[in-house]
Amino acid sequence: MGTPSASVEIPFLVRGAVIEGRSLTRHADGPPGRLDLDVLVWPSDRPAPLFDVSTAEIIDPLVELGKWIRRDPDGIVATALERFITVCGASRPLEQRAYEALPSYFARDVLEFQLDEELGGGSALDGWRPVSAPGADQPSFVRAFPARMVHVLAGNAPGVAAISIARSALVKGASLFKLPSNDLFTAPALLRGISAVAPGHPLEQSFAAVYWRGGDASVESVLLRPQFFDKLIVWGGTAAVNGVSAYVGPGLELISFDPKTSISVIGRDAFADGADLAAIAAAAATDATIHNQDACTASRFQFVEGTVDEVDRFCELLTRELGVERTKAADRSQPVPDDLRDEIDGLRNLAPYYRVWGATDGTGMVVRSEEPVDFYPTGRVVNVVVVPEVKAALQHVNAATQTVGVYPERLREQLRDDLCSVGVQRVTALGSAGDTRVGLPHDGFYPLARMVRWGKDES
Amino acid sequence: MTALDDLFALAEQPDPMTAAGPVELAELQLEAARERFTELRAQVRILDQRATDTGVESIEKLDDLVPVLFAHTAYKSYPASFVDKGQWSRLTMWFGTVSATSMAGVEVDGVTDVDDWIERLEAAGHYAFSSSGTSGKASFIDQTQGDIDRIADLLTRIWGWPNQPPRDNSRPLFSLTPSAGPARLVYAFQAQKRYTGRPDAIYTLTDEPIRMAELNRIMRLQQAMASGQATPGDVAEFEAGVADRAQDLHDNYVRLARALDAHRGEPIVFHGSWPQVWSLLEAARQLGLPDGGFHPDSIYLGSGGTKGLALPDDYQEQVARFFGGARRYRGYGMSETSTHSPVCEAGRFHVPPWLTLFVLDETGDNVRWAPAGPVTGRAAYWDPVWEGHWGGTISGDWITADYGPCACGRPGPTVEDSIRRAKDVIGIDDDKISCAGAVEAYVRGAITTAVDRA
């Protein structure tokens, strides 16, 4: 999926109004962008639209939004899903299930949990919280203030749009979403839901979602200034992070959900008598195929403790399981990209040091080795690395390692200090890497705490 | 191998580009492809595997070759740990899968680094050439002695086209490369030394051979610096090394500039990559040498890109003023192809008749072709010349070609002078890193570019 062609109509959503747009980027064969950049910014000389609205009054319409998505009374969500599939090339069964999960981001308990865990409750935003500082006679007061944000969204999972809307609303922010070319429709559809369930609510005035081609200086250089925005939130891709980071400076803070790699660690218990190796392989495949392995949580390297023969048995089972349709995976991905195929072919004839299972047709491949492979496994390719003991996996972990799925359970507690000390951000049970909980740290930080500005009245 | 012999015979014609008619040429190319495919499928493991995977059992038409073309990646698909850990027998095992000849005679006992390994390959008749990309991982492609002889012959029959210098060892030869090492640029120099250069007037940048181990070390450190894994001490040591090498090289450039000045009145043959040509120009200016005055039969070639070096916008014009009187030669090629495509009077690159040019779509799976008129896409080549490896290659270049007649009056196919990197056009991910030291690494050895690339 590249840049949308000039002929694709994308329903931009700007402060509650639907604008059938194309792109803010001028196309050689199409009309220039026709959207006024002035409507995409919030003036710095007045409070954000949600500033005076209590968090309770924000959560209520968000909960209604969740119900609206499920009901989809006007077919807006269904249309967005259809266009997501036909225009952006998304996988139908996979994204159908992903859309069914969208309301869960707007459940009341989930929203309140985020505020409680990340900001100590909505009171931090709703008023001045008194604080007694050591040595001070009088109390000081602190309050979290809304920020104006640009979100460079990732398009590999529609949940990114939902969670970004929820987070921005919870901190009363004003947010411009830069839509990704691989998901042009989810965010605008959800924002139309806000207008449907709470017409006239300041929430409506707090969002805009438009597309321009990433890196287009005629848009980014104009908008990405501290005069217009306080926070720049970037999801994923190295190119996306590098593309906009040039605009970061005093007054415009970068909040980056960095490009990440996830791995699995499987202890020798997997080969013990009575262990269900097929079930373990299924759990490993579940983690490897999250969003067809497009997600940062998807496992790409699996460090398995055992003999080569044992590990090869696991690899065979894993290869079979990679082609199984699951909640977060279709039954196959796009065929393995040509450059990756070249890399894998180079390893095929290196037995006994390397062994390769599976086909390049997108149903899954496994490469078994003594060292992690030099390439980045994608397209439903898993590199299984034989390790003499699970701790050997630690030397291959770094700041880019996000999730480590661990088997058996008892190893999680044993390994988590070591893993997180060297850069890992999340440890979970093998098979659960795709089940993320909002309200806990994300990529090593609490997002809501980064999305506000703190004011203080100090005594 | 009759069809192959007939193709090679075209090179011996006064103008190889006009030596064959279009129908006859297509038949020859197809027949040569059949011969080579049958012969090499039995010898090259990765070719046999790819042919099996893609169901290519025979070559009925030239387009049947497309599924069995390989990208550069195939020739660096060995695990880097084989080199890092000195597992030379494993690296040899891998090399055997991309090579057409047996590794049986390769002795790796006591090998200490990758240059040692390359020497052991040579001792067994495998003349590997290598290039170290921006990822820091070198590719290795096998050549036989026959390949070396053949490409030397073809290169000197094409170089300078349409007015090639005579192959009688009469020309002062300047080649801004090391004189030895496993790189195409060096093999190009050696070809010109063999056929073109006057034995008492052959000048190279250095006689210190290209050391792949050192190149790899530099590339790895650049990568480590980029990713923040290098220690401050590593960085300081690297930068000190860069300064030392710059001084060494400066002395070499001064020596070359003086030699160039001394041969100004003779018909010279000169070849260098742009950053090196620029360094030479600076040395010439420091010596106070004047512009111009070169012999009218002199030919100079500046090749490659600028390697991220900040050269002035008009560096090519400045170099042209310096070489005033000489003819500028240009060509387009890549290290994987046996021969480059030289430029004609109309400014288009002519693909030599023994090469088959394919223009592929974004996926690399489908051929774009028209009998005449512009066709744009990814360049790929079927190159029947090689006997040491399989000569089907997909390049990283995005080109506009024309299979019809050229404005210069000769037949096509020709490539327009608008070559871009495919990844810049279709957004392929790249492992490119940028570092001010990169040019120094380049000077130590040819890195990625071909013999001649305008």
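In what follows, helices, of at least four residues, and strands, of at least two, are DSSP runs numbered from the N terminus. Counted in this way, chain B contains 14 helices and 17 strands. Colleagues, please keep in mind throughout that this is a predicted model.

Let me stay with chain B for a moment. Chain B has 454 residues, and 47% of them are buried. Of the contacts in chain B with a separation of 6 or more, 73% are between residues 24 or more positions apart.

I turn to a sheet in this chain. In which order do the strands of the open sheet of 5 strands in chain B stand? The order is β5-β4-β6-β7-β8, and the pairing is parallel. At the edges are β5, residues 197-206, and β8, residues 327-328; each has a single partner strand, so one side of each is left without a neighbour in the sheet. Further in, strand β4, residues 171-178, pairs with strand β6, residues 269-273, in the parallel sense over 3 bridges. Within that pairing, B:Ser175 stands opposite B:His271 of β6(B).

The loop that lies between α7, residues 145-158, and β4 of chain B deserves attention. This loop holds B:Pro162, which is joined to B:Trp161 by a cis peptide bond with omega of about 5 degrees. B:Asn169 is found in the loop between α7 and β4 as well. Although B:Asn169 is not a glycine, its phi is positive, at about 50 degrees. Is B:Asn169 buried or partly exposed? A residue needs 20 or more other C-beta atoms within 10 Å to be buried; B:Asn169 has 15, and therefore counts as partly exposed.

A cis peptide bond also joins B:Gly412 and B:Pro413, with omega of about 0 degrees. B:Pro413 sits in the loop between β15, residues 392-402, and β16, residues 414-415, of chain B.

Chain A has a residue with a positive phi too: A:Asn292, not a glycine, with phi of about 55 degrees. The loop that holds A:Asn292 runs between α10, residues 277-288, and β11, residues 299-305, of chain A. With 23 other C-beta atoms within 10 Å, A:Asn292 is buried.

Next, the nonpolar cores. The largest comprises 211 residues, and A:Ala166, A:Ala209 and A:Leu318 have the most contacts inside it. Helix α6 of chain A, residues 159-170, supplies the largest share of this core, with 8 residues. A second, separate core has 28 residues, including B:Leu205, B:Leu256, B:Leu260 and B:Leu301. To return to A:Ala166, its contacts, leaving aside residues up to four places away in sequence, are A:Leu62, A:Tyr105, A:Phe106 and A:Leu111. In soluble globular proteins generally, nonpolar side chains tend to be buried together.

How many of the 12 residues of α7(A) are buried? The count is 10, and the helix is accordingly described as mostly covered. Among the buried residues are A:Thr186, A:Pro188, A:Arg192 and A:Val197.

Strand β15, residues 401-407, and strand β16, residues 426-429, run parallel and are joined by 4 bridges. A:Val404 has A:Val427 of β16(A) as its bridge partner.

A brief word on A:Arg320, which lies in helix α11 of chain A, residues 308-322. A:Arg320 has 18 C-beta neighbours inside 10 Å and so counts as partly exposed.

I finish with the place where the chains meet. In this model, 15 residues of chain A are in contact with 20 residues of chain B. What is the make-up of the side of chain A that touches chain B? That side divides into 8 charged, 4 nonpolar and 3 polar residues.

Definitions and conventions. Residues are numbered from 1 along each chain as its sequence is written. Chains are lettered from A and ligands numbered from 1 in the order in which they are written. This is a predicted model: local features need pLDDT of at least 70, side-chain atom pairs count only at pLDDT 80 or more; totals for chains, interfaces and linings use all residues. Two residues are in contact if their C-beta atoms, placed from the backbone, lie within 7 Å. Ala, Val, Leu, Ile, Met, Phe, Trp, Tyr, Cys and Pro count as nonpolar, Asp, Glu, Lys and Arg as charged, and the others, Gly among them, as polar. A nonpolar core is a set of buried Ala, Val, Leu, Ile, Met, Phe, Trp, Tyr and Cys residues joined through C-beta atoms within 7 Å. Two strands pair if DSSP finds at least two bridges between them.
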